Amino acid sequence: MTPAQASEKNRALCLMAPVVPVLVLDDASKAAGLARALVAGGLPALEVTLRTPAALDAIREMAAVEGGVVGAGTLLTAKDVENAKAAGAQFGVSPGATDLLLDACEANELPLLPGAATASEAMRLLERGYTVQKFFPAEANGGAPALKAIGAPIPQVSFCPTGGVSLKNANDYLSLPNTLCVGGSWVAPKDMIANEDWDAITALAKEAAALPR
Ligand SMILES: O=C(O)C(=O)C[C@H](O)[C@H](O)COP(=O)(O)O
């Protein structure tokens with residue numbers, strides 16, 4: 001898959017809803033219920049971070065949930081890419097980008113949303129053909145004003161800012177012309193997942209899905 005094809009796939013993914021939930025799962029048995037709750041609330045694109053031993057099993061479970069599009073986050077190595085693809089991930093997300101990681105995603109047909117934090121990083125990815133990128137860590141990196149400033153000289157790159165984004169500041173990003181959607185973990189709090197409080201998660205998802213952009 002070429003970077004241009006990956007970017008077009010991820011543009012469509014980012015336009016499905018204003019928020020992509022960033023999910024950390026310690027227990028894969030919660031995955032299907034969680035995915036159903038988020039999809040029911042209007043958030044179909046789901047990023048499962050490969051930060052826990054349960055993550056790959058969680059992706060397998062979620063891939064079977066109707067209406068959801070499940071991807072793998074925290075991709076760091078070529079092995080992560082192969083594992084994510086084998087588990088059924090339909091897209092990948094990484095905090096930054098290395099040539100090895102980009103090569104692996106392109107070779108494995110996994111559309112990557114690669115992370116960039118600076119103008120130079122965004123430019124390197126753009127040179128390779130990635131016009132849709134993740135701005136990470138968004139808040140720590142200057143937040144919406146920083147992303148707006150990057151957009152002035154580099155308007156051809158669109159972003160999914162992630163890291164420190166919440167219901168409070170999501171609009172600051174979503175109102176920018178270079179922001180397609182935001183990523184965030186706030187729609188799936190750890191305690192609600194542990195208690196299988198799916199109705200509460202659906203309510204959070206609905207609130208997020210209703211954000212204007
Ligand atoms: O694990 C990854 O792939 C990451 O790149 C980091 C996550 O996207 C952010 O940590 C989510 O940030 P919060 O919404 O502030 O919890």
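Modeller: One term before we start. Two residues are in contact if their C-beta atoms, placed from the backbone, lie within 7 Å. In this predicted model, residues 24 or more positions apart account for 64% of the chain's contacts with a separation of 6 or more.

Biologist: How many helices and strands does the chain have?

Modeller: The chain has 10 helices and 9 strands.

Biologist: What radius of gyration does the chain have?

Modeller: 16 Å. A compact globule of 213 residues would be near 17 Å, so the value agrees. The C-alpha trace spans about 45 × 35 × 25 Å along its principal axes. Of the 213 residues, 47% count as buried.

Biologist: Now the ligand. Which residues are closest?

Modeller: G73, T74, P95, G184 and S185. In total, 15 residues surround the ligand.

Biologist: How does that shell split by class?

Modeller: It has 5 nonpolar, 9 polar and 1 charged residues.

Biologist: Let's stay with G73. Where is it?

Modeller: G73 is in strand β3, which covers residues 69-73.

Biologist: Is G73 buried or exposed?

Modeller: Buried. G73 has 28 C-beta neighbours inside 10 Å, and 20 or more is enough to count as buried.

Biologist: What does G73 touch, leaving out residues up to four places away in sequence?

Modeller: V22, E47, V48, T49, L50 and V93. As for A89, it sits 16 residues from G73 along the chain, and their C-alpha atoms are separated by 9.6 Å.

Biologist: Change of topic: helices. How do α2 and α10 cross?

Modeller: The axes of α2 (residues 31-40) and α10 (residues 198-209) come within 7 Å and cross at roughly 40°. The crossing is right-handed.

Biologist: Which residues meet there?

Modeller: From α2, G33, L34, A37, L38 and A40. From α10, W198, I201, T202 and A205. By class, the residues of this contact are 7 nonpolar, 2 polar and no charged.

Biologist: And which α2 residues are buried?

Modeller: A31, L34, A35, A37, L38 and V39. L34, A37 and L38 are also among the residues that meet α10.

Biologist: What covers the buried residues of α2?

Modeller: The cover includes strands β1 (19-23) and β2 (45-49), along with helices α3 (55-63), α9 (190-194) and α10.

How values were computed: Residues are numbered from 1 along each chain as its sequence is written. This is a predicted model: local features need pLDDT of at least 70, side-chain atom pairs count only at pLDDT 80 or more; totals for chains, interfaces and linings use all residues. Helices (H or I, at least four residues) and strands (E, at least two) are DSSP runs, numbered from the N terminus. The radius of gyration is taken over C-alpha atoms; the globule rule is 2.2 Å times the number of residues to the power 0.38. A residue is buried if 20 or more other C-beta atoms lie within 10 Å of its own, exposed if 12 or fewer, and partly exposed in between; C-beta atoms are placed from the backbone. A residue is near a molecule or strand if its C-beta atom, placed from the backbone, lies within 6 Å of it. Ala, Val, Leu, Ile, Met, Phe, Trp, Tyr, Cys and Pro count as nonpolar, Asp, Glu, Lys and Arg as charged, and the others, Gly among them, as polar. Axes are lines fitted to C-alpha atoms, for helices over the stretch in contact, and angles run from 0 to 180 degrees between N-to-C directions. A crossing is left-handed if the near helix is turned anticlockwise from the far one by less than a right angle, and right-handed if clockwise.
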